[in-house]
Amino acid sequence: MGEKILAFIDAYIQEHEYSPSIREIGKEMGISSTSHVSYWIDKLIEDGKLTKTPHIARSIRVVKDD
C-alpha cells in the first residue's frame with residue numbers, strides 16, 4: 001500500500017504542483033479512514049521516502065533518490 005500511496009502523491013504533485021490532501025489520498029486508495037492514511041504517510045516519512053512540514057497543509061514532498 002505504501003508504494004501505491006507514494007506513486008499517487010508523486011503523480012499528483014507533478015500534475016498540480018502541490019501535494020494531495022489526506023482525504024484525496026484516501027479517496028484515491030479506497031481508504032475511508034483519515035487516520036489510516038496518516039499512518040501510511042508517517043510510515044513513508046520514517047522510511048525516508050516523504051517529508052512534510054508540521055501544521056502546514058499540503059506540505060508533503062517526495063524525497064527523490066540521487
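Contact is defined here as heavy atoms within 4.5 Å. By this criterion, and not counting residues up to four places away in sequence, Ser 59 touches Ser 19, Thr 51, Lys 52 and Thr 53. The structure is a predicted model, in which local features need pLDDT of at least 70 and side-chain atom pairs count only at pLDDT 80 or more, whereas totals for chains, interfaces and linings use all residues. Residues are numbered from 1 along each chain as its sequence is written, and side-chain values use heavy atoms, with hydrogens and water left out.

Ser 59 is found in the loop between β1 and β2; helices (H or I, at least four residues) and strands (E, at least two) are DSSP runs numbered from the N terminus. Its relative accessibility is 11%, so Ser 59 counts as buried. The classes of exposure are buried (under 20% relative accessible area), exposed (over 50%) and partly exposed (in between), with a 1.4 Å probe and protein chains only.

Ser 19, one of the residues touched by Ser 59, is located in the loop between α1 (2–16) and α2 (22–29). With a relative accessible area of 0%, Ser 19 is buried. When its neighbours within four places in sequence are left aside, Ser 19 is in contact with Tyr 12, Ile 13, Arg 58, Ser 59, Ile 60 and Arg 61. A polar atom of the Ser 19 side chain lies 2.9 Å from the backbone oxygen of Arg 58, and the side chain of Ser 19 also reaches the backbone nitrogen of Ser 59, at 3.4 Å. Polar contacts are pairs of N or O atoms within 3.5 Å; within protein, one must be able to donate a hydrogen and the other to accept it, and residues adjacent in sequence count only if both atoms are side-chain atoms.

The loop between β1 and β2 also holds Arg 58, for which phi is near 55°, a positive value in a residue other than glycine. Arg 58 counts as partly exposed, at 33% relative accessibility. His 55 likewise has its place in the loop between β1 (50–51) and β2 (61–62). Phi of His 55 is near 65°, again positive in a residue other than glycine, and His 55 is exposed, with a relative accessible area of 84%. Most residues other than glycine have a negative phi.

Arg 58 also belongs to the lining of the largest pocket: of its 16 lining residues, Ile 22, Lys 52, Ile 56, Arg 58 and Ile 60 lie nearest the centre. On a 1 Å grid over the protein atoms alone, a pocket is an open set of points where a 1.4 Å probe fits, with protein on both sides within 12 Å along at least five of seven lines, and lining residues have an atom within 4 Å of a point. The space in the largest pocket is about 200 Å³, the volume being that filled by probe spheres set on grid points joined across faces, edges and corners. Helix α3 (residues 34–46) gives the most to this lining, with three residues. By class, the lining has seven nonpolar, six polar and three charged residues; Ala, Val, Leu, Ile, Met, Phe, Trp, Tyr, Cys and Pro count as nonpolar, Asp, Glu, Lys and Arg as charged, and the others, Gly among them, as polar.

A search of the whole structure finds three aromatic pairs. Phe 8 and Tyr 12 form a tilted pair, at 5.7 Å centre to centre and 55° between the planes. Both residues lie in helix α1, four residues apart, about one turn of the helix, and both Phe 8 and Tyr 12 are buried. The ring centres of Tyr 39 and Trp 40 are 5.4 Å apart and the planes stand at 80°, so this pair is edge-to-face. Rings of Phe, Tyr and Trp (its six-membered ring) pair if their centres lie within 6.5 Å; planes under 30 degrees apart count as stacked, over 60 as edge-to-face and the rest as tilted. Tyr 39 counts as partly exposed, at 45% relative accessibility. Phe 8, Tyr 12 and Tyr 18 are linked by ring pairs into a cluster.

Lys 4, in helix α1, counts as exposed at 59% relative accessibility. Lys 64 lies in the segment after β2 and counts as partly exposed at 46% relative accessibility. The side chains of Lys 64 and Asp 10 are joined by a polar contact of 2.8 Å. Lys 64 and Ser 32 are 32 residues apart in sequence and, C-alpha to C-alpha, 28 Å apart in space.
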